[in-house]
Amino acid sequence: MNEPFSGTEKEEFSEETAIRQMIDGITDCLASMTKEERLAWFRRSQYPYPLNFQKEIDSTVYTVNAHFNAAASESIQEKAERILLKL
């Protein structure tokens, strides 16, 4: 009898399910917090490194640059906080 998924597909499905469960857990946790607690969680969870950087790997220098709309009405932090306040 043929199985509907190969071993690799089963691993990918299992990993995707685990990721969705983690996201659901974080969402549930955030939903149970007050607005102030969500903002504090967000500030603690922010990526602490610059968005533009260079990294050398095996004598090759890779440059990563982030580009944002300079005319945007809010910063990425303001947008994230607005989204968190909606929960």
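User: Which residue meets Arg20 in a salt bridge, and what is the N to O distance?
Analyst: In this predicted model, the side chain of Arg20 meets that of Glu16 in a salt bridge, with 3.0 Å from N to O.

User: How far apart are Arg20 and Glu16 in helix α1?
Analyst: They are 4 residues apart in helix α1, which spans residues 7–31, so about one helical turn separates Arg20 from Glu16.

User: And the accessibility of those two, Arg20 and Glu16?
Analyst: Arg20 counts as exposed because its relative accessibility is 51%, a value that lies over the 50% cut-off for that class. Glu16, at 42% relative accessibility, counts as partly exposed.

User: How many salt bridges are there in the whole structure?
Analyst: A search of the whole structure finds 3. Besides the pair of Arg20 and Glu16, there is a salt bridge between Glu81 and Arg43, whose closest N and O atoms are 3.4 Å apart, and another in which the side chains of Glu74 and Arg82 meet at 2.7 Å, N to O.

User: Take Glu81 and Arg43, then. What does that salt bridge tie together?
Analyst: The salt bridge of Glu81 with Arg43 ties together parts that are 38 residues apart in sequence, because Glu81 lies in helix α3 and Arg43 in helix α2. The two side chains are also joined by a polar contact of 3.4 Å.

User: Is Glu81 buried or exposed?
Analyst: Glu81 is buried, since its relative accessible area is 15%, and the cut-off for buried is under 20%.

User: What else is Glu81 in contact with, leaving aside neighbours within four places in sequence?
Analyst: With those neighbours left aside, Glu81 is in contact with Leu39 and Phe42 as well as with Arg43. Leu39 and Phe42 are themselves buried residues of helix α2, which covers residues 35–45, and Arg38 is buried in that helix too.

User: Why are those three on the same side of α2?
Analyst: Arg38, Leu39 and Phe42 are the buried residues in question, and they fall on the same side of α2 because they cover an arc of only 100° around the axis.

User: What about Ser59 and its phi?
Analyst: Ser59 also has a positive phi, of about 65°, although it is not a glycine, and its place is in the loop between β1 and β2.

User: Are they buried or exposed, Asp58 and Ser59?
Analyst: Asp58 counts as exposed at 73% relative accessibility, and Ser59 is exposed as well, with a relative accessible area of 66%.

User: Which residues make the nonpolar surface patch, and how much area does it have?
Analyst: The patch is made by Tyr47, Leu51, Phe68 and Ile76, and it comes to about 490 Å². Of these residues, Ile76 lies in helix α3, which spans residues 76–86, and Ile76 counts as exposed at 60% relative accessibility.

User: Zooming out, how do the elements run from the N terminus?
Analyst: The order is α-α-β-β-α, with 3 helices and 2 strands making up the secondary structure.

User: And what share of the residues counts as buried?
Analyst: Of the 87 residues of the protein, 9% count as buried. The protein exposes about 7,800 Å², of which carbon and sulfur atoms supply 55%.

User: What part of the contacts comes from residues 24 or more positions apart?
Analyst: Among contacts with a separation of 6 or more, residues 24 or more positions apart account for 42%.

Conventions
Residues numbered from 1 in each chain as written. Predicted model: local features only at pLDDT ≥ 70, side-chain atom pairs only at ≥ 80, totals over all residues. Heavy atoms only, no water. Patch = residues over 30% accessible without salt bridge, like charges linked within 9 Å, V, L, I, M, F, W, Y side chains within 5 Å. Areas by Shrake-Rupley, 256 points an atom, 1.4 Å probe, with all protein chains shown as cover. Salt bridge = Lys/Arg side-chain N within 4 Å of Asp/Glu carboxyl O. Buried < 20%, exposed > 50% of the residue type's maximum accessible area, 1.4 Å probe, protein only. Arc of directions from axis to C-beta. Polar contact = N/O pair within 3.5 Å; in protein donor to acceptor, adjacent residues only side chain to side chain. Contact = heavy atoms within 4.5 Å.
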